[in-house]
Amino acid sequence: MKFRTNPDRSKETLLQRESAFSKSQKSFDLVIAGGGAAGVLAAIAACDEGLSGTSVAIVEKEETILRKVRASGNGRCNLANMGSIEGRYHGHYPQFVRGVFSRVAPESLLSYFRSIGLATISDDEGRVYPRSNQAQSVVLTLTRALNRRNIEVFTEKQLVRISRESSRFLLDLSDGMSWDTRALVIASGGPASPNLGGDLSGMRLLMSLGHACESPFPALVPLVLHPHPLLKRAEGVRFRGQAFFENCKGTCSKTVSGEFLVTSYGMSGIAAMELGRTVSMIDISDPAYSMPECTAGHQIESRSQERSRSKDTIGNLVVDLLPEFSEEELVSFFNMQDCSRQTSSDLWRIVLSGLIPVKMAEAMLMDSHFPLEPTAVVQMIKSLRLPVIGTRDFDYAQVTAGGISTRDFNPRTLESYKIPRLYAAGEVLDIDGDTGGFNLMWAFSSGILAGLSAARALQKNVGD
Ligand SMILES: Cc1cc2nc3c(=O)[nH]c(=O)nc-3n(C[C@H](O)[C@H](O)[C@H](O)COP(=O)(O)OP(=O)(O)OC[C@H]3O[C@@H](n4cnc5c(N)ncnc54)[C@H](O)[C@@H]3O)c2cc1C
């Protein structure tokens, strides 16, 4: 589903635009809207490509830049992934990322980080972290790189309107100022995690300039489950396991493995959140889906959240609590413990507590009739079915799926096909990645490409 521009702005008179131009209080070669991973790398790359730092500005609506980077990876910042990118990115046109990564390959991104003073380290699964293991190192290194290049960073200013004046852009900011610039990068992210700056304003600005937008929805987001004894009994319990989502038609998602966290409303933890995208997708296939509302940046609600309140089950989360044990191994384990002759839950509770967290064992045994057959318990452990009613909303999502259509942008430069010298990078575009560093890698790499493409274009047309 696509959203198209409201063409109100075309009614603007030349006089109004001229008066906006004369109000202009600052003039730049390149302005970058958004001081997140993509925006900061765009600014640094543009200067390294030859623009003077003082002619480049970042405008950031929050008090500080790089808020998501600081919070990322539980404070460790999983900033890239050296594994294959095949199948790791999603959107209506995921092949788009190839154009970007062929110009800014993961290896060159790491070299780039090293050149600005950040050493990195990768684990066995290709996940890359700062060598210090601290997200703060990334923030400090990038901030120093901006300072060293004299790039101007304007915080607590939001870009609220863009208009085109011959070959320049006129930018209206939330503090009443009006700037002009020769090139513009929109790196404003998406609406996920509004407490860390997420909102829809960048998508709306690009839509106002004629770009299509694929409905944004929360990806990497906790699941809301139908009330279940597990949620009451085992709230707060973390466990490692495997799971997949099975929708009402019996179609199963990919299987995810890792950490799960039982919450009062459902299932969180990074593995459960990985299934959030699949569950959210059910919403956007609903013909009633509309662009999420966002007025003050904190009122974004997805249809999943509405549906969660309606309590309709849309499928099941099927959990394997002990993926490293086969069914046969578990049956013989229980037989060795003499479980089948027990007529109360006591022994089962104790035996299960040798395998899974005791609160989970209690919750699972709650509605059981004894004596229990070991095979029935194995079934509960290996295929625990929890009815799903939706996902949490953007407030709890780490990543936005959907966004500005990549079909409107050149994958080799990230320049808009509709408006010359307008670029977009990062999560504002209709690209989202798997967990494991793919999202930050996309933001950083696309930011670099947008920044250097803008610098090259400006240097080709010096007189504009
Ligand atoms: C808690 C958390 C943990 C995460 N951990 C990881 C991880 O370990 N690895 C990983 O790969 N990914 C992780 N992610 C995802 C990753 O952080 C994002 O994909 C990435 O930050 C997106 O970068 P971006 O620059 O496109 O957008 P953002 O980081 O969202 O930056 C956009 C910036 O633009 C500003 N802005 C928006 N609109 C305007 C406007 N109109 N005017 C001015 N400024 C504006 C915003 O305030 C924001 O600062 C995590 C996300 C969260 C929330």
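Q: How far is an oxygen atom of the ligand from a polar backbone atom of glycine 437?

A: A polar contact is a pair of N or O atoms within 3.5 Å; within protein, one must be able to donate a hydrogen and the other to accept it, and residues adjacent in sequence count only if both atoms are side-chain atoms. Here the ligand oxygen and the backbone atom of glycine 437 are 3.4 Å apart. The protein covers 94% of the 990 Å² of accessible area that the ligand has on its own, by the Shrake-Rupley method with a 1.4 Å probe. The model is predicted: local features need pLDDT of at least 70, side-chain atom pairs count only at pLDDT 80 or more, and totals for chains, interfaces and linings use all residues. Residues are numbered from 1 along each chain as its sequence is written, and side-chain values use heavy atoms, with hydrogens and water left out.

Q: How many residues surround the ligand, and how many of the shell are nonpolar, polar and charged?

A: A residue counts as near if one of its heavy atoms lies within 4 Å of the molecule. The ligand is surrounded by 34 residues, and the closest are Glu60, Gly73, Asn78, Glu427 and Leu440. The classes take Ala, Val, Leu, Ile, Met, Phe, Trp, Tyr, Cys and Pro as nonpolar, Asp, Glu, Lys and Arg as charged, and the others, Gly among them, as polar. The shell then holds 11 nonpolar, 16 polar and seven charged residues.

Q: Which helices each supply at least two residues of the shell?

A: Helices (H or I, at least four residues) and strands (E, at least two) are DSSP runs, numbered from the N terminus. The helices in question are H2 (37–48), H3 (67–75) and H16 (438–460).

Q: Which side-chain contacts does serine 201 make?

A: Serine 201 lies in helix H7 (residues 201–208). An N or O atom of its side chain is 2.9 Å from a nitrogen atom of the ligand. The serine 201 side chain also makes polar contacts with the side chains of aspartate 199, at 2.9 Å, and glutamine 158, at 3.3 Å.

Q: In what order do the three strands form the open sheet?

A: Two strands pair if DSSP finds at least two bridges between them. The order is E4-E7-E6, with antiparallel pairing. Strands E4 (80–81) and E6 (120–122) stand at the edges with a single partner strand each, so one side of each is left without a neighbour in the sheet. Asparagine 81 stands opposite arginine 127 in E7.
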